[in-house]
Amino acid sequence: MSLTVQAKSTDGDRVGGGGAVRPSAAPREDVPGGASVMTMGVEEEFLLVDRRSRAPVGRGPRVIDAASRTLGPLVQPEFFTAQVEVCTSPTASPARLRTELARLRAEVVRAAAAEDCLLLASGTPVVPPEFPLSVTRDERYRRMALRFASVLGDHEQAVCGCHVHVGVGGRAEALEIANRMRPWLPALQALAANSPFARGKDTGYASWRAVEHARWPTVGPAPVLDEAGYERLADALVRSGAILDRRMIYWYARPSEHVPTLEIRVADVNAPIDTVVLLALLVRGLAATVRTEAAEGVPAPAPECARLREAHRRAAAYGLDGDGLDPVSGACLPAWDLVARLRERAAPGLAAADDLPRVDALLDGVRSEGYGAARQRAAHRRRGRLSDVVDSLAEAVTAA
């Protein structure tokens, strides 16, 4: 089965980002053993920080120009010039996904080093910028900055996420899957929380990126929609001026406007590659599970909107430290219990792709080594230096 890589345009699909490199019109791929599983792809947004000050610096254009000589359209600009994004090619293979993530990161790290920069995998800058951040020279970004100046304010919110795409049969299927995935995304968000520090201080949150990103319109849980409802709402949002265009629909789960994928947008960027692979596999496993249930006519869960938002708030605030909220039952449970429930919920889809052993091993790794926010705080506790946090993140971004 042929898959194509579609280059992102520089006008982007979202805050600080372009359209993903996504599966072609064929959303599934044959794997050894004769199984046909959903393809997946990952977008990672990184910060560029000065090697000495560890503060964000606007050297992205030069870094991207150098890295693109090898990576081509797989490396892209972001909203601020202190950011850079990489996008994997679509694949059904976890091993190929991991290999490509490592290659993309290594090339950008080399290009950053030539500009005296470190590549940082954190949802927010650990050390505040020494100078105001600059918006990338792109017409659409500039229009966004002007129209939504009140959103940006004095925050200069260079936030970095990790977005997972899965190949689907079209927009109707993407929306059906998104509707059914809603209750499980807070657990995924908690697992991926990796931005406790911002502007030189511990925010008290596990994912401060979630707070900063929510300043933009439409960021939050996706509404329950069919295809006709999506078209009406998307048109109304643009027509009213609430958003600039459809690419500013920033729901936690959204269908692509261009190709048949569903994009999950709740995760902070993470330094360990294995964490990224884990997130991608959980998303794909969950999507495959609920897709089968939809085909079998199993009723979709219907969590209350307020309860779902509270589950996401707790995920951002506490990460895996403390209690989260089951948005369906309303029960307060340890975050790790909710992750275990997510794993069980995704188990049929994981098993169909032979991903269960890998996911269990990766979850064990997070348990033993700590998740992102905890690792950042541990690095800070050793000597009380933010520079140690930055250096640990920069080192982990290319670790095997």
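Reader: Hi! How much accessible surface does the chain have, and what share belongs to carbon and sulfur atoms?

Author: Hello! The accessible surface comes to about 15100 Å², and 52% of that belongs to carbon and sulfur atoms. Such areas come from the Shrake-Rupley method with a 1.4 Å probe, and for residues only the protein chains shown count as cover. This is a predicted model, where local features need pLDDT of at least 70 and side-chain atom pairs count only at pLDDT 80 or more, while totals for chains, interfaces and linings use all residues. Residues are numbered from 1 along each chain as its sequence is written, and side-chain values use heavy atoms, leaving out hydrogens and water.

Reader: Thanks! How many helices and strands are there?

Author: The chain has 14 helices and 13 strands. Both are DSSP runs numbered from the N terminus: helices are H or I with at least four residues, strands are E with at least two.

Reader: And how compact is the chain?

Author: It is as compact as a globular protein of 400 residues, because its radius of gyration is 19 Å, close to the 21 Å from the globule rule. That radius is taken over C-alpha atoms, and the rule is 2.2 Å times the number of residues to the power 0.38. The C-alpha atoms fill a box of roughly 55 × 45 × 45 Å along the principal axes.

Reader: What percentage of the residues is buried?

Author: Buried residues make up 60% of the 400. Buried means under 20% relative accessible area, exposed means over 50%, and partly exposed is in between (1.4 Å probe, protein chains only).

Reader: Let's look at a strand. Is β7 mostly covered or uncovered?

Author: Mostly covered: seven of the seven residues in β7 (residues 161-167) are buried. G161, H163, H165 and G167 point one way, while C162, V164 and V166 point the other way.

Reader: Which strands does β7 pair with?

Author: β7 pairs with β3 in the antiparallel sense over five bridges, and with β11 (residues 261-268), also antiparallel, over six bridges. Two strands pair if DSSP finds at least two bridges between them.

Reader: Switching to helices, what covers the buried residues of α14?

Author: The cover includes β3, α2 (94-114), β6 (117-120), β8 (197-198) and α13 (372-383). Among the buried residues of α14 (residues 386-396) are L386, V389, V390 and L393.

Reader: Where is E293, and is E293 buried or exposed?

Author: E293 lies in helix α9 (residues 273-295). E293 counts as buried, with a relative accessible area of 18%. Leaving aside neighbours within four places in sequence, E293 is in contact with R180, V298 and R345; contact means heavy atoms within 4.5 Å.

Reader: What about G220, what does G220 touch?

Author: Not counting residues up to four places away in sequence, G220 touches Y250, W251, Y252 and R309. G220 sits in the loop between α7 (208-213) and α8 (227-240), and is buried at 1% relative accessible area.

Reader: One more loop, please. Where is D354, and why does D354 count as exposed?

Author: D354 is in the loop between α11 (335-352) and α12 (356-369). D354 counts as exposed because its relative accessibility is 61%. Its phi is near 60°, a positive value in a residue other than glycine.

Reader: What is the phi of R54?

Author: R54 has a positive phi of about 65°, although R54 is not a glycine. R54 is in the loop between β3 (40-50) and α1 (60-71).
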